[in-house]
Amino acid sequence: KAIVGVVPAEDIVVDVTEGDIAAAVEAEKAKVAKVGNITVNLTEGVEYTLASPIVAGAGGIVINGNKSVITTSAELITLPAEPTVAANEAKAGFYEITSPIVIENVHVKAAKAIVKSKAKYLVSAININNSIIEMTAQSAVVDFSGGQMGYPTVLSVNNSTVWSAQSTNKPFFTSQSGNSPKDINSAAEEKQTISIENSTFYNVAYNKNFNELRQKGQKFLVFTVKNNIIVNCGKANFLQGMNGGQNSASPNWTVENNTFGQLTDGVFTDVSASQTGCGEVVNSITTDPDFKDAANGDFTVGAGSDQAKEK
């Protein structure tokens, strides 16, 4: 039975065949009184633009890219400064989005962040799957900076490539919230997880901390780094930079089967020995992946490389 005076949120599905994605989403949002989850379906082979962000309602956002390309001049997704969801003071004044944000099967040429938070949000998950995120300007990829803007309980990148032609000096992920998920909601997941698996990272947060975290070194953090090729990202000790610049085994670490390296003038240097102080590191692949054309975003590994043998 509906509660008098409470407007229920309605989920919307937006099929975009061409043009500006955010404009198509806004047109569909205007048809309902209150927006819940947003699903955006793109068309294979189409090159889209995005001049203003897709703005979240009371729920999550799923972008089904279908191997299309999006060129942005704004953030891809924003969590607005005036949220649709209500804050609960018993939960430290955070706005909770309990459905995930999912970006999959798409090539984003991003001038600004993929997700930008403008208020104190706890998001259940941000998942980037089977995608290419090409940063075309200096920006964090997932940006919860500015005051205590919260964070996703799970942030994952899987089977994806995150790269820039020019070395970026911004972190991959930034969060200035010191709260644990349990501080925000006693029923929430106990852990905050940052996971990168089966992916390639190149020229992201070069010589900077890979993540900027106020909550670094905490026992409620879980870091998973598996089966990746990580080149010209962070400082020499990439794992320390994942943990906001702190060497600490306090988080739960799983680090396995990665390549950590620097590539300068075509010469690869292994830095796996530098990944210390952040839990056990096992089965690193220390040889040159022999990228086909890294400068132009082709990270196909050489047929004779050790990385190719692991596929």
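1. Let's start with a charged pair: Lys116 and Asp143 form a salt bridge whose closest N and O atoms are 3.4 Å apart. A salt bridge here is a side-chain nitrogen of Lys or Arg within 4 Å of a carboxyl oxygen of Asp or Glu. Lys116 sits in strand β9 (residues 115-117) and Asp143 in strand β12, so this pair ties together parts that are 27 residues apart in sequence. Lys116 is buried, with a relative accessible area of 16%, and Asp143 counts as buried at 13%. Buried means under 20% relative accessible area, exposed means over 50%, and partly exposed is in between (1.4 Å probe, protein chains only).

2. A word on what you are looking at: this is a predicted model, in which local features need pLDDT of at least 70 and side-chain atom pairs count only at pLDDT 80 or more, while totals for chains, interfaces and linings use all residues. Residues are numbered from 1 along each chain as its sequence is written, and side-chain values use heavy atoms, with hydrogens and water left out.

3. Now to the sheet. It is open and has 6 strands in the order β4-β6-β9-β12-β15-β18, with parallel pairing. At the edges are β4 (54-55) and β18 (211-213), each of which pairs on one side only. Strands (E, at least two residues) and helices (H or I, at least four) are DSSP runs numbered from the N terminus, and two strands pair if DSSP finds at least two bridges between them. Strand β12 (residues 142-144) runs parallel to strand β15 (residues 173-175), and 3 bridges join them. Asp143, from the opening salt bridge, stands opposite Thr174 in β15.

4. How many salt bridges does the structure hold? There are 4. Among them is the one between Lys29 and Glu26, with the closest N and O atoms 3.1 Å apart. These two residues are 3 apart in helix α1 (residues 21-29), which means they are separated by about one helical turn. Lys29 counts as buried at 13% relative accessibility, whereas Glu26 is partly exposed at 37%. Another salt bridge joins Lys31 to Glu28, where the closest N and O atoms are 3.3 Å apart. Here Lys31 is exposed, with a relative accessible area of 62%, and Glu28 is partly exposed, at 24%.

5. The largest nonpolar core is worth a look: it has 74 residues, and those with the most contacts inside it are Ile21 and Phe144. A nonpolar core is a set of buried Ala, Val, Leu, Ile, Met, Phe, Trp, Tyr and Cys residues joined through side-chain atoms within 4.5 Å. Apart from this core lies another, of 9 residues, among them Tyr202, Val231, Phe299 and Val301. Leaving out residues up to four places away in sequence, Ile21 touches Val16, Val40, Leu42, Tyr48, Thr49, Leu50, Ile54 and Ile70; contact means heavy atoms within 4.5 Å. As background, nonpolar side chains tend to be buried together in soluble globular proteins.

6. Aromatic rings come next, with 12 aromatic pairs found in the whole structure. Rings of Phe, Tyr and Trp (its six-membered ring) pair if their centres lie within 6.5 Å; planes under 30 degrees apart count as stacked, over 60 as edge-to-face and the rest as tilted. Phe144 and Phe173 make an edge-to-face pair, 6.3 Å centre to centre with 75 degrees between the planes. Phe144 lies in strand β12 and Phe173 in strand β15, so the pair ties together parts that are 29 residues apart in sequence. Both Phe144 and Phe173 are buried.

7. Trp163 and Phe299 have ring centres 5.6 Å apart and planes at 70 degrees, so they too are edge-to-face. This pair links distant parts of the chain, 136 residues apart: Trp163 is in strand β14 (residues 161-163), and Phe299 is in the loop between β24 (281-282) and α4 (306-310). Trp163 is buried at 4% relative accessible area, and Phe299 is buried at 11%. Elsewhere, ring pairs link Phe172, Phe201, Phe210, Phe238 and Phe260 into a cluster.

8. Last, please look at Asn179, in the loop between β15 and α2 (181-184). Is Asn179 buried or exposed? At 14% relative accessibility, Asn179 counts as buried. The Asn179 side chain makes a polar contact with the side chain of Ser177 (3.2 Å). A polar contact is a pair of N or O atoms within 3.5 Å; within protein, one must be able to donate a hydrogen and the other to accept it, and residues adjacent in sequence count only if both atoms are side-chain atoms. Not counting residues up to four places away in sequence, Asn179 touches Ala92, Phe94, Gln148, Tyr151, Ile184 and Phe220.
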